[in-house]
Amino acid sequence: MGLELLVASAIGILTAAGMYLVLRLRTFPVIMGISLLTYAVNVFLFASGRLTVSAPPILTDATTYADPLPQALVLTAIVISFGMTAVVVMIALGAYLGANDDEVNDPVTDPDDAVEKAT
């Protein structure tokens with residue numbers, strides 16, 4: 001039970017930290033938050049294949065084995081997330097160099113300003 005609790009806690013902490021960073025108004029914390037959410041999903045997928053220690057990831061006559069499908073899915077997800085992170089970093093870098101600011105465009109920051117602009 002200890003290993004499952006540790007992995008579930010790690011997934012929860014990664015998800016909470018990722019959501020916190022995604023809600024920031026700067027591009028770099030948003031990118032880091034998306035990366036943390038990706039790691040949380042990868043750990044969740046890996047844990048879905050049953051957590052086994054020192055077991056081969058093959059189907060043999062062994063009494064305990066690790067399911068190879070979640071491992072293959074996580075490996076594929078790691079490669080895809082690395083590529084997508086590189087693309088998003090380049091887009092954010094281009095936006096920063098173009099506007100000389102990395103703030104996420106938030107047109108309404110004060111509700112009173114929205115009322116004034118509407119009238």
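At what angle do α1 and α2 pack, and how far apart are their axes? The angle is about 155 degrees and the axes are 7 Å apart. Axes are lines fitted to C-alpha atoms, for helices over the stretch in contact, with angles running from 0 to 180 degrees between N-to-C directions. Helices are DSSP runs of H or I with at least four residues, numbered from the N terminus.

This is a predicted model, in which local features need pLDDT of at least 70, side-chain atom pairs count only at pLDDT 80 or more, and totals for chains, interfaces and linings use all residues. Residues are numbered from 1 along each chain as its sequence is written, and side-chain values use heavy atoms, leaving out hydrogens and water.

Select α1 and α2. They are roughly antiparallel (an angle over 145 degrees). Residues in contact (heavy atoms within 4.5 Å) include Leu14 and Gly18 in α1, and Gly33 and Leu37 in α2.

Now select Arg26 and Asp101. They form a salt bridge (a side-chain nitrogen of Lys or Arg within 4 Å of a carboxyl oxygen of Asp or Glu), with the closest N and O atoms 3.1 Å apart. Arg26 lies in the loop between α1 and α2 and Asp101 in the loop between α3 and α4, so the pair ties together parts 75 residues apart in sequence. The whole structure has 1 salt bridge.

Note on methods
Helix = DSSP H or I, 4+ residues; strand = E, 2+ residues; numbered from the N terminus. Parallel < 35°, antiparallel > 145°, perpendicular 65-115°, else oblique.
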